[in-house]
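Biologist: I should like to learn how to read a structural model. Could we go through it together, feature by feature?

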Amino acid sequence: MTGTLDRLTDAMTAAGDTVQDATLRPLIRRERGRRLPRWVAPVAAAAAVALVIGSAAALSGRKPGPGRPAASAVTAPHRYYVESALGDVTVVRSTATGAVTATLPIPYRDADPPVVAAGPGGVFYVAAFVRGASGERIYRFRLTSTGHVSGFSPLPGGMLGAGQMADSMAASPSGSLLAFGLAGTYGNNPPADQLVVINTVTGAKTTWRGGVARPGFKWLKIASLSWTGDGRKLVVLGQWTRTDSGFYSEAVPAGRVAEVREIDLSSGGGRVSAGRLLLRQSAQFPYIAQALISPDGSTITALVLKGGAVGSKQISGTYPEDMSVAQISVATGRQLSVLYRRRLGDTGEINGAPDPLGLSTDATGRNLMLIVGVCNLHCTNGLNGWIHGGRLIPLQPIDGRLASEAW
């Protein structure tokens with residue numbers, strides 16, 4: 001499907017749509033090796049990027065201009081958002097125009113872009129490397145009503161250990177706790193990833209280690225984190241693999257076990273695999289890429305992939321082609337509705353970090369942002385925006401070249 005047709009699909013209402021079951025074909029397994037860097041920058045022509053912008057502009061009925069994304073006239077729930085882009089600084093952008101209103105005063109290391117998360121009351125968190133330290137540091141700041149950064153400072157207890165970085169992060173509804181998944185930096189061989197919850201006032205930490213999802217699957221990646229509205233339960237999407245063999249083993253469904261589990265904070269630590277199971281990959285949901293709990297704990301909003309992978313003559317596909325953002329009942333495990341769906345097309349290359357596929361929500365748990373950091377031969381199928389009425393409202397950069405974003 002071409003970029004233009006994909007964006008026509010975005011403009012159509014998907015109300016009442018349901019995901020059709022599809023038979024999962026095995027993907028071509030890539031060569032195993034050491035853990036790859038957190039992002040792989042694709043080769044993309046400037047003309048292809050212009051085609052994406054022009055196509056989206058044609059659908060929105062507005063001409064793109066300096067600082068103006070090709071977006072719909074729908075009123076956004078937030079005036080500003082924070083993004084960490086690949087090969088660039090972490091900035092604040094206007095939702096309406098895409099213009100940069102502020103730049104975060106943090107150091108940046110090219111291989112490991114920062115991860116950002118939104119908290120209540122306009123508070124944000126960012127995990128980034130600092131000069132002279134081998135691990136990341138977590139900072140806290142606030143966005144003003146004009147999209148500027150205020151009170152930027154290190155979070156108490158937020159200095160991570162040597163070789164450690166956050167690859168997912170979520171603040172509790174009250175802002176008193178911050179959860180993040182720990183991964184090892186490229187070139188290191190750390191133990192299985194960990195889940196850490198830090199008290200944002202005192203800096204005290206509680207840690208959960210991965211555990212074994214099933215025999216042979218011991219390496220854990222924390223793909224996404226979310227909180228119930230009362231702040232008592234933390235919901236984790238874990239991706240267990242057989243070996244620490246890098247990004248591509250996580251991309252192949254047969255080489256991973258994806259489970260959504262609920263962690264009771266009163267346990268004071270333990271193993272992620274011991275948390276209450278809410279959802280796992282199955283024939284109906286063969287590839288769960290992201291999963292977020294609703295504030296009342298009754299519904300999981302998941303980024304689900306199905307079908308076979310599409311690649312090119314040069315590179316085999318990485319992900320199943322059919323993507324949907326589905327709402328799933330925790331009580332029954334059944335799909336309730338589809339908020340957005342799309343065919344990814346060629347997924348031979350990726351251009352996102354720490355995950356090419358990202359789904360996040362604001363502090364209310366109601367407004368969703370989507371990143372699809374895939375890249376075909378002409379790099380016309382990457383996406384970035386927020387979901388509204390069955391379609392994706394584009395946000396800059398609209399081609400999905402992001403590490404993380406939050407609002």
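Biologist: What is the mean pLDDT of the protein?

Modeller: pLDDT is the predictor's confidence in each residue, from 0 to 100. The mean for the protein is 80, and 75% of its residues reach 70 or more. Over residues 1–72, however, the pLDDT is below 50; beyond near neighbours in sequence, this stretch has 155 contacts in the model, a contact being heavy atoms within 4.5 Å. Where pLDDT is low, the predicted coordinates should not be read in detail.

Biologist: How many helices and strands does the protein have?

Modeller: Both are DSSP runs numbered from the N terminus: helices are H or I with at least four residues, strands E with at least two. The protein has three helices and 27 strands.

Biologist: Which strands form the open sheet of four?

Modeller: Strands of a sheet pair through backbone hydrogen bonds, either parallel or antiparallel; here, two strands pair if DSSP finds at least two bridges between them. The order in this open sheet is β17-β18-β19-β20, and the pairing is antiparallel. Its edge strands, β17 (287–293) and β20 (335–343), each pair on one side only. Strand β19 (residues 320–329) is joined to β20 by seven bridges, and Q327 stands opposite S337 in β20.

Biologist: Where does H148 lie, and why does it count as partly exposed?

Modeller: H148 is in the loop between β6 (136–143) and β7 (149–159). Buried means under 20% relative accessible area, exposed over 50%, and partly exposed in between (1.4 Å probe, protein chains only). H148 counts as partly exposed because its relative accessibility is 40%.

Biologist: Which residues does H148 touch?

Modeller: Leaving aside residues up to four places away in sequence, H148 touches T101, A102, R142 and L143. The C-alpha atoms of H148 and L104 are separated by 9.2 Å, with the two residues 44 apart along the chain.

Biologist: How much of the protein is buried?

Modeller: Buried residues make up 57% of the 407 residues in the protein.

Notes
Residues numbered from 1 in each chain as written. Predicted model: local features only at pLDDT ≥ 70, side-chain atom pairs only at ≥ 80, totals over all residues. Heavy atoms only, no water.
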